[in-house]
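Colleague: I would like to know what the labels on this model rest on. Can we go through them one at a time?

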Amino acid sequence: MKKIVKVISVMLLLLIVSQSAVFSYAEDSQKSELKAQIIKTVPFAPNINAKAMKFKFKVNKKGYVKVLVLDDYGETIKTLVKDKKIQNADDKEFSLKWDFSQDGEENKKAAAGTYKVKIVFENNDKTEKATAKSFFNIVDGSKSVWLDAGHGGIDAGAIRTDGKYERDDNLKIAKQVRKILKKQGIEVYMSRTDKDKNYASIADLKERIKKANKAKVDLFVSFHRNAAAVSSANGFNIYTHNPKYKSNVRKKQAKNKASQSMKLSKNIFKEMSKVTEMKMGDVIKGSNNREDFFVNKLSNMPSCMLETGYVTNVSDNKQFDKNYKSYAEAISKGIMKTLDITYIEN
Ligand SMILES: [Zn+2]
């Protein structure tokens, strides 16, 4: 008896789920294939305040279906469906809702964390079996991040070797990070989502930071690209808060800001070093003149400023254009690690 195992990865545009797979087994050369497939998993809100999670799945034959929710360790914390009989199924879709609030004790178990929905589907005589799995994050509702795409409006930032503007690169990568973090269940705020045509001065920059402070986000990440008078200068650097200098932060927050800013910077630096061919520079406290940049000085929460290569270096520009999506993924991983939230691989 020969078993054919097929693994089909299904890429879906989901709010939270980022992994979904179909396993099917067939007996010898028989054409009958049993399939269970998770189509969509969406919590009502991507946070701990979510009241319920909804998901859709599909099976393609008559049989019995079982739907389980597993925790990080693979232990079943909830049986959503127990051997439900499917009378007639021809690629039939089902919708299910997991109402946390109805669960009492189990509700507490559905605290922030990474979970897995598992479907086990068997045909009537139980000779065939198919399973499908899908991961999702329930994130503590207070977790939020501010992404500050540097410059904007008439302030183009530095000019690239090909004449393009730093301003647009900063926005491009910040938006990609937003896309990833939202999909992972984190609340994201942006300084700007377009050119921000009214942006012109330091006063406007201070206004952006003020807004982030008002939003009380957990982390603040500013996106820039470096520039130098010599075209040979290259590499990725991070500027982080220097506690030696007075920041805007009240005493009570100051210690946390200093240690967490360094943690955030190191986490991003480490993830970037795994994916980039750019020279890995350093995590730098303060600025080149030693005092903090405004984004690190005036923000109340842990923060850092990324310099994703030099716009004045041809090779760095080439790397950035080609790989900004994988950089965005690395930066997102560093942010999530700092927030203590599991990154779910696509
Ligand atoms: Zn800049």
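Colleague: What makes β10 and β11 a pair, and in which sense do they run?

Modeller: Two strands pair if DSSP finds at least two bridges between them. β10 (residues 144-149) and β11 have four bridges, in the parallel sense, so they count as paired.

Colleague: What is the source, and how are residues numbered?

Modeller: This is a predicted model: local features need pLDDT of at least 70, side-chain atom pairs count only at pLDDT 80 or more, and totals for chains, interfaces and linings use all residues. Numbering starts from 1 along each chain as its sequence is written.

Colleague: Why are β11 and β14 called edge strands?

Modeller: The open sheet has six strands in the order β11-β10-β12-β15-β13-β14, with mixed pairing. β11 (187-190) and β14 (280-285) each have a single partner strand, so one side of each lacks a neighbour in the sheet.

Colleague: How do you know how α4 and α6 pack?

Modeller: Axes are lines fitted to C-alpha atoms, for helices over the stretch in contact, and angles run from 0 to 180 degrees between N-to-C directions. α4 and α6 (residues 314-339) make about 145°, with axes 8 Å apart.

Colleague: Which residues meet there?

Modeller: Contact means C-beta atoms, placed from the backbone, within 7 Å. Among them, Leu264 and Ile268 are in α4, and Tyr327 and Ile331 in α6.

Methods:
Helix = DSSP H or I, 4+ residues; strand = E, 2+ residues; numbered from the N terminus. Contact = placed C-beta atoms within 7 Å.
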